[in-house]
Amino acid sequence: MEDSYVYIIIALLPLTATMVVLQVNPYHALIIRGILGAVAALVYAVLGAADVALTEALVGTMLAITLYAVAVRSSLVVRLGVLQAVEPQGFQSWIEGCRTVFSKHYMRLELVNYPNDQDLRQALNEKEVHAIYLPQQPAEAQDQALIRVPRLYEIMEAELTSPDTTLTCVTVAESAEVKV
């Protein structure tokens, strides 16, 4: 019974691993992943593998968490292309609605300004942005949002209600124009 604490520490490994897998918030998952690495380093140290424990602490915990944090931060940004000088009537309320919807999914909205309609469409074609916001044209009754990422379109269509803006999912082929 002298080594019963080892069994308790080892039992923490599958428990923390399960917590990482079940976590919805990616930032909370990063913290729990750090705890998982620390528990693994502790297990290695208790079992007499000090070199493996040190490697796990440095690489498996510190370096991996840092790299994951950078990856998570950059992958949770929705880049929306907008015209620089134009701000339609319902634009600010639509943007606030987008920010509210995206924050529920742990994403943030970044507006990217373009000087004209042609550059805006080209940015979508070249995949510089995930979506573009086109203000009302003379022949159109509503503003338009073209979204090239199907999952973003699904989220916006289900959760964003705006009578002034039409959402359209578009496909962007390699070196081709936007196809509606």
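UniProt positions are given here in the numbering used for this structure, feature names are shortened, and annotations may be inferred rather than shown by experiment. This is a predicted model, in which local features need pLDDT of at least 70, side-chain atom pairs count only at pLDDT 80 or more, and totals for chains, interfaces and linings use all residues. Residues are numbered from 1 along each chain as its sequence is written, and side-chain values use heavy atoms, with hydrogens and water left out.

**Exercise 1. The annotated spans**

Task: find which residues UniProt lists as "transmembrane region", and describe the chain over residues 6-23 and over residues 53-71.

Solution: 
- Step 1. Start with the record: an unreviewed UniProt entry lists residues 6-23, 30-47 and 53-71 under this name.
- Step 2. Look at residues 6-23, where the chain is 94% helix and 0% strand and the end C-alpha atoms are 26 Å apart. Helices (H or I, at least four residues) and strands (E, at least two) are DSSP runs, numbered from the N terminus.
- Step 3. Move on to residues 53-71: this span is 100% helix and 0% strand, with 25 Å between its end C-alpha atoms.
- Step 4. The unreviewed entry in UniProt gives residues 11-74 as "domain: MrpA C-terminal/MbhD". In the model, residues 11-74 are 91% helix and 0% strand, and their end C-alpha atoms lie 34 Å apart.

**Exercise 2. Two helices side by side**

Task: work out how helix α2 and helix α3 are oriented to each other.

Solution: 
- Step 1. Locate the helices: α2 covers residues 26-46 and α3 covers residues 50-75.
- Step 2. Take the axes, which are lines fitted to C-alpha atoms, for helices over the stretch in contact, with angles from 0 to 180 degrees between N-to-C directions. The axes of α2 and α3 come within 7 Å and cross at roughly 175°.
- Step 3. Apply the cut-offs: under 35 degrees counts as roughly parallel, over 145 as roughly antiparallel, 65 to 115 as roughly perpendicular and the rest as oblique. Helices α2 and α3 are therefore roughly antiparallel to each other.
- Step 4. Sort the residues of the α2 and α3 contact: 17 are nonpolar, 4 polar and 3 charged. Here Ala, Val, Leu, Ile, Met, Phe, Trp, Tyr, Cys and Pro count as nonpolar, Asp, Glu, Lys and Arg as charged, and the others, Gly among them, as polar.

**Exercise 3. Buried or exposed?**

Task: decide whether L83 and Y114 are buried or exposed.

Solution: 
- Step 1. Set the limits: buried means under 20% relative accessible area, exposed over 50%, and partly exposed in between (1.4 Å probe, protein chains only).
- Step 2. Check L83, which sits in strand β1 (residues 77-83). Its relative accessible area is 13%, so L83 is buried.
- Step 3. Check its bridge partner in β2, Y114. With a relative accessible area of 11%, Y114 is buried.
- Step 4. Widen the view to the strands. In β1, 6 of the 7 residues are buried, so this strand is largely enclosed by the rest of the structure. Strand β4 (residues 143-147) has 4 of its 5 residues buried, so β4 is largely enclosed too.

Note on methods
Pairing = 2+ DSSP bridges.
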